[in-house]
Amino acid sequence: MTISRREFISGLATSALISSTASAGALKRFRGYPQRLGLLHDTALCVGCRRCELACQEVNGLPPHPVPIGEAKIFEKPRGVSEKLYTVVNRYRQARESEPAVFRKHQCMHCNEPCCVSVCFVKALVKTPEGPVLYHPELCVGCRYCIFACPYYALAYEYGDPRTPRVVRCTMCYPRIKEGKSPACAEACPTGAIRFGRREELLKLARQRQRKYPDRYFPEIFGENEYGGTSWLTLLKLPPEQMGLAADLPYEPLPNLTTGFLSLAPLVVAIFPGLLGGIYAMTRRREELARLQKQQELERLRKALEEKSAEEVEKLKRHLLARLEKAEFDRQPQATDKTTGASGEENK
Amino acid sequence: MNALRPGGIKIAPFYLVSGVILIFGAVIVALRYAYGLAYATNLTQTTTWGLWTGFKLVFVALAASGFTLTTGVYIFGMHEYHPLVRPAVLSGFVGYSLFILILLFDLGRSWRIFYPFLVQAGVTSALFEIALCVLLYYTTQFLELTPVGFEWLGWRRWRKVMVGATVGLSIFGLLLSALHQSTLGALYLTVPGKLHPLWYSPYLPLHFFLSSVMGGISMVMLLGWASKKAFGNKMELSWQELDRLTVGLGKAGAISTAVYLAVKALDISLGGKWHEVSSGWGAWYLLETLGCVLFPCMVFAYSHHHRKPGLIRLAAAWTVFGVVLNRLNVAVVAFNWTFPTNERYFPSWMEWVVVVFLIVLGLVIYRLVCERFAIVNQHPDYLSH
């Protein structure tokens, strides 16, 4: 696909217009696409069997685990997502040793207003109205700004591939959703800890559980509002900071942190040429006036010499000497004539 | 000073040492492309931008020598600094070349570098603005240097045309630099949770721009000194004249560092971050801001007043070090600062080799161009006096 330069420039202009109208209409907040899908992970029901990990690997054609299901030693160190594993289950200890450990599944959260999508300079990442964030490897340049910007460390890169490295992450099993199926992890979960459905309904369900078992859950649903909310919701048994998440995240979507600055760019382009041109004009005028003054003095000197007015010549001589002295004095910290060197170049 | 003495095979030790480093570096770059980023770098899934990104920021910040000097000379009319314009613009051009090279090494699929312009533009990305600025400013710098080439070729008319565009190019260059330098800071606006609060600031774009100005001015002072050392009498300026200009630039150094410090202090106050200053990270932050900006600022002011060019050059080198430290702190040291030590990213030796390779490459290109073209001297056919 190619676009002509004209189309490209008009595209730029249009997008500038669109973004300005969007911010002009920003009195209302974007609540996310209605009817979008999501998943709910209930950490009180999760037993850490990691069948979701296995299902995820199978469905994405990833090599099977080196550590088999049921092996507890894998939980000794918390793991992050990688190019071989798009979702991970980690174990978190409770404050009292006697209490059983809790588990949390981590993967791409599918934000309502994803930062990864906003920072991609080729739009290789797209937020679908259905909920999942999708990635187009055929566009990706490999700058990895998306991975860098993700606040949940949920994206991974295929560093080992020199030819066709991709950004990899949970797709919410988009192809399966399109076929009317549930995501593989939700289907594989034996305890019902992972539920798939409309996000609004999952929120309702989560609130119900919180009301019914107030002692069991941390009172907030992670993902309801964090950075504008996410499609993946997590019912936390412990406070987020004890389950590998950040506490008290702001509600403001992350892309908003750069929009203000980026909107300055067209203003700079509009203002700077005039402003700097004005400064340059002032510089030129000062130089021109100085030149004119010199010329006038010489003119007067020439006239006085022609008219042989000794008195006038003497007066001008004194005047010029005084100026010269002052100029020498002013110049002291500055350069002498020699170093002004090729300054006449641009006047040629 | 002759690299290749006519009729002989005697090579200056500078080129001998550089040549070895360049060959070694080129091998590492080849390995990176043959076996992927995982082979050459220690990048992790959590720290995907490492040392190379840090040096992207460094190369661009120090390339500010070009726009600071063209602005001073052509827009503000400080013509006495004109003999330093070409060294400054050339080093800016070399700095951007290094930036582009290290960017290409770092990109997963560098051969798609033109995708944002030719395939699909993601205009909501700060990186798109950066890509556009680099493309336009690199071209601008090239055009600013074309008179050098035309003098060498003896194309008088073309030279005259391009010299006529000087002021326009300077204005365009300042505009693009202001955008590009600040947008590099804006890259980090998206990671408030990952970058230590002492370095993260909603004013990061402004910090990046202001520190690039002080870095750029300091680079001009160092370039003048290094060029005089390397080329001696070939250089148009005598030591005496160069010293006088350096003393003059010292004032700009003092003012630019002072402005940057004021903005940094405001950031700490407005952000309510004074309590952070007393932590271990705070000590490191103070080393960067007080140790490598305030201190050189005072040395600039003192030595400008007492006309001590040697001290000013020391302060300039110090300031450049401060800018490098700042960029590496933002990109590497204070990034993912909450991580336990064993999970932190530390650059591999190959990443360091590639950085050294690029710095040496920059020095070699700068020196080769200065030796063959009228950069530090005036072309004998085009003397303005």
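H10(B) passes H14(B) in a left-handed crossing, meaning the near helix is turned anticlockwise from the far one by less than a right angle. Helices here are DSSP runs (H or I, at least four residues), numbered from the N terminus. This is a predicted model, where local features need pLDDT of at least 70, side-chain atom pairs count only at pLDDT 80 or more, and totals for chains, interfaces and linings use all residues. Residues are numbered from 1 along each chain as its sequence is written, with chains lettered from A and ligands numbered from 1 in the order in which they are written.

Back to the pair: the axes of H10(B), residues 204-231, and H14(B), residues 309-333, come within 8 Å and cross at roughly 135°. H10(B) and H14(B) are therefore oblique to each other. Where they meet, H10(B) brings residues including B:Met214, B:Gly215 and B:Trp225, while H14(B) brings B:Ala316, B:Val320 and B:Asn326, among others. Sorted by class, the residues of this contact are 10 nonpolar, five polar and one charged.

How far can you trust chain B? Its mean pLDDT (the predictor's confidence in each residue, from 0 to 100) is 94, and 97% of its residues reach 70 or more. Over residues 1-7 of chain B, though, the pLDDT is below 50.

Now for the partner chain. The predictor gives the complex an ipTM of 0.92 and a pTM of 0.89. Chain B puts 64 residues into the contact and chain A puts in 65. On chain B's side, the largest share, eight residues, comes from H9(B).

Methods
Axes are lines fitted to C-alpha atoms, for helices over the stretch in contact, and angles run from 0 to 180 degrees between N-to-C directions. Helices (H or I, at least four residues) and strands (E, at least two) are DSSP runs, numbered from the N terminus. Angles under 35 degrees count as roughly parallel, over 145 as roughly antiparallel, 65 to 115 as roughly perpendicular and the rest as oblique. Two residues are in contact if their C-beta atoms, placed from the backbone, lie within 7 Å. Ala, Val, Leu, Ile, Met, Phe, Trp, Tyr, Cys and Pro count as nonpolar, Asp, Glu, Lys and Arg as charged, and the others, Gly among them, as polar.
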